[in-house]
Amino acid sequence: KTLIAMLLFRLQFAKRRINETYAIKQNNLDNIRVLVYITTHLPEAHVNFLRKCWPGLIQNSVLLQHADMLLFTAQEPPSDILRDVFLGKKVRVEQYNNPGYEEGAMLAMKTATVQQWFAGYDWVIR
């Protein structure tokens with residue numbers, strides 16, 4: 001009986017520590033604002049990647065579940081990308097005229113900085 005009581009006590013203690021740890025982690029995310037900044041000229045390969053990979057990435061990441069999304073793209077994304085891939089997420093789409101590979105990458109950062117798209121966020125993931 002003593003052994004069973006000790007095991008039950010340890011189990012309850014372990015459950016409480018797990019719950020407290022989860023609450024601390026969740027609370028920490030609630031206190032920060034995170035933006036995921038996706039830049040793409042949106043070729044078919046990128047569309048396929050978004051469809052196939054991003055739902056699982058979001059599902060398996062508490063950080064990505066918490067984050068807002070900003071999509072900087074040369075063309076309007078297919079409606080299923082916004083509806084299905086980023087289901088329930090705050091998503092903003094900004095379109096641009098693609099000046100080319102390197103220039104487009106620099107334009108993405110320059111535009112976001114000048115327009116202050118990152119203002120109010122604690123972290124930006126590109």
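This section describes the fold, the sheet, the nonpolar cores and the salt bridges of a predicted model.

Residues are numbered from 1 along each chain as its sequence is written, and side-chain values use heavy atoms, with hydrogens and water left out. Because the model is predicted, local features need pLDDT of at least 70 and side-chain atom pairs count only at pLDDT 80 or more, whereas totals for chains, interfaces and linings use all residues.

The protein chain has five helices and four strands, taken as DSSP runs numbered from the N terminus (helices H or I, at least four residues; strands E, at least two). Along the sequence these elements follow the pattern α-β-α-α-β-α-β-α-β. Of the 126 residues, 27% count as buried, where buried means under 20% relative accessible area, exposed means over 50%, and partly exposed lies in between (1.4 Å probe, protein chains only). The chain exposes about 9000 Å², of which carbon and sulfur atoms supply 57%; accessible areas come from the Shrake-Rupley method with a 1.4 Å probe, and for residues only the protein chains shown count as cover. Among contacts (heavy atoms within 4.5 Å) between residues at least 6 apart in sequence, 67% join residues at least 24 apart.

The four strands form an open sheet with parallel pairing, in the order β3-β2-β1-β4; two strands pair if DSSP finds at least two bridges between them. Strands β3 (91–95) and β4 (123–125) stand at the edges, and each has a single partner strand, so one side of each lacks a neighbour in the sheet. On average, neighbouring strands of this sheet are turned by 20° against each other, direction ignored. Axes are lines fitted to C-alpha atoms, for helices over the stretch in contact, and angles run from 0 to 180 degrees between N-to-C directions.

Strand β1 (residues 34–40) pairs with β2 (residues 68–73) in the parallel sense over six bridges. Helix α5 (residues 101–114) lies across β1 and β2 and runs at about 140° to β1.

Threonine 40, in strand β1, is buried at 6% relative accessibility. Apart from neighbours within four places in sequence, threonine 40 is in contact with His46, Leu71, Phe72, Thr73, Ala74 and Tyr96.

In soluble globular proteins, nonpolar side chains tend to be buried together. A nonpolar core is defined here as a set of buried Ala, Val, Leu, Ile, Met, Phe, Trp, Tyr and Cys residues joined through side-chain atoms within 4.5 Å. The largest such core has 15 residues, of which Val36, Trp54 and Phe86 touch the most other members. At least two residues of this core come from each of β1, α2 (44–59), β2 and α4 (79–85), and α2 supplies the largest share, four residues. A second, separate core of ten residues includes Leu35, Tyr37, Ala108 and Ala112. Valine 36 is in contact with Trp54, Leu64, Ala67, Asp68, Met69, Leu70 and Ile125, its neighbours within four places in sequence being left aside.

A search of the whole structure finds four salt bridges, each a side-chain nitrogen of Lys or Arg within 4 Å of a carboxyl oxygen of Asp or Glu. One of them joins arginine 33 to aspartate 68, with the closest N and O atoms 3.3 Å apart. This pair links distant parts of the chain, 35 residues apart: arginine 33 is in the loop between α1 (2–30) and β1, and aspartate 68 is in strand β2. Arginine 33 is partly exposed, with a relative accessible area of 37%, whereas aspartate 68 is buried at 14%.

Arginine 83 forms a salt bridge with aspartate 84, the closest N and O atoms being 3.2 Å apart; aspartate 84 is partly exposed at 42% relative accessible area. The side chains of arginine 92 and glutamate 94 also meet in a salt bridge, at 2.9 Å from N to O. Arginine 92 is partly exposed at 36% relative accessibility, and glutamate 94 is partly exposed at 22%.
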